[in-house]
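Thanks for making time this morning; I would like to walk you through one model, with the criteria given as they come up.

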Amino acid sequence: MKDRNKLYFFIGVFISCISFSLEAQITLLLRNDGSLLKVEGTSTIHDWEMEVEEMKGNIIVMQTDKLESLQSGEISFKVNSLVSDHSLMNKKAYSALKENKHPVIKGKVLEIYTENSLSKVKLELDIAGVKRIVTSDYKTSLLNTKQIKVQGEFDLQLSDFDIEPPVAIMGTIKTGDAITITYSFLFGNN
């Protein structure tokens with residue numbers, strides 16, 4: 001009888017621990033009204049930038065007494081949601097990104113870790129049908145109990161994704177291979 005009571009006690013503690021850890025994980029959704037994803041590059045004439053107008057995504061955080069820590073997440077957006085002030089540039093970018101075959105760009109968190117007291121995230125990017133892994137420093141800001149901002153920046157080469165840098169006006173304007181992606185994502189309970 002005593003052994004049976006001990007068994008029930010341990011099962012109860014085990015179930016309580018599982019319930020507590022499940023309750024501590026929270027999924028927060030990306031809010032477009034406070035988020036920014038910007039792509040910057042160069043050309044033979046001038047520097048350029050494009051911004052994503054609409055994105056989807058979420059993160060899973062572990063809630064503790066004072067701080068939420070990022071566990072995993074993903075972001076996606078349609079290629080034609082990436083826009084500049086120039087319609088010709090948009091057209092060239094969509095063509096280079098192979099929008100017809102691969103209309104969505106995706107990013108997925110693979111790993112989160114700390115190195116030399118910097119928060120790092122390893123991401124799998126799926127651009128123009130090619131998947132590559134990149135690493136970025138990031139920082140999080142807890143805005144209130146229901147909103148977290150995640151910010152960072154990283155560099156890419158278009159050629160790493162088998163993307164031919166766009167050209168215009170019979171090749172006189174050439175886009176550089178290197179781009180910088182800056183992000184500031186606001187996640188919250190919608």
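The second largest pocket has a volume of about 160 Å³, where a pocket is, on a 1 Å grid over the protein atoms alone, an open set of points where a 1.4 Å probe fits, with protein on both sides within 12 Å along at least five of seven lines, and where a volume is the space filled by probe spheres set on the points, which are joined across faces, edges and corners. Before I go on, this is a predicted model, in which local features need pLDDT of at least 70 and side-chain atom pairs count only at pLDDT 80 or more, while totals for chains, interfaces and linings use all residues. Residues are numbered from 1 along each chain as its sequence is written, and side-chain values use heavy atoms, with hydrogens and water left out.

The lining of this second largest pocket, meaning residues with an atom within 4 Å of a point, consists of Glu54, Met55, Lys56, Ser76, Phe77, Lys78, Asn80, Ser81 and Val104. Strand S4 (residues 68–78) gives the largest share of that lining, 3 residues; strands here are DSSP runs of E with at least two residues, helices are runs of H or I with at least four, and both are numbered from the N terminus. By class, the lining divides into 3 nonpolar, 3 polar and 3 charged residues, with Ala, Val, Leu, Ile, Met, Phe, Trp, Tyr, Cys and Pro counted as nonpolar, Asp, Glu, Lys and Arg as charged, and the others, Gly among them, as polar.

The largest pocket, by comparison, has a volume of about 940 Å³. It is lined by 50 residues, of which Val39, Trp48, Met50, Leu82 and Ile179 are the closest to its centre. Its lining divides into 38 nonpolar, 8 polar and 4 charged residues, and the largest share, 7 residues, comes from strand S11 (residues 173–188).

Strand S11 also holds threonine 182, which counts as buried because its relative accessibility is 18%, the limit for buried being under 20% relative accessible area with a 1.4 Å probe and protein chains only, against over 50% for exposed and partly exposed in between. Its side chain is joined to that of glutamate 153 by a polar contact of 3.4 Å, that is, a pair of N or O atoms within 3.5 Å, one able to donate a hydrogen and the other to accept it, with residues adjacent in sequence counting only if both atoms are side-chain atoms. Not counting residues up to four places away in sequence, threonine 182 touches Leu36, Leu37, Lys38, Glu40, Gly152 and Glu153, contact meaning heavy atoms within 4.5 Å.

Now to strand pairing, which requires at least two DSSP bridges between two strands. Strand S6 (residues 104–115) and strand S7 (residues 118–127) pair in the antiparallel sense over 9 bridges, and glycine 107 has leucine 125 in S7 as its bridge partner. These two strands form a hairpin with 2 residues between them, and asparagine 116 in the turn has a positive phi of about 50°. S7 in turn runs antiparallel to strand S8 (residues 130–144), joined by 8 bridges, with lysine 120 opposite aspartate 137 in S8.

Finally, the whole chain: it has 2 helices and 11 strands, and buried residues make up 36% of its 190 residues.
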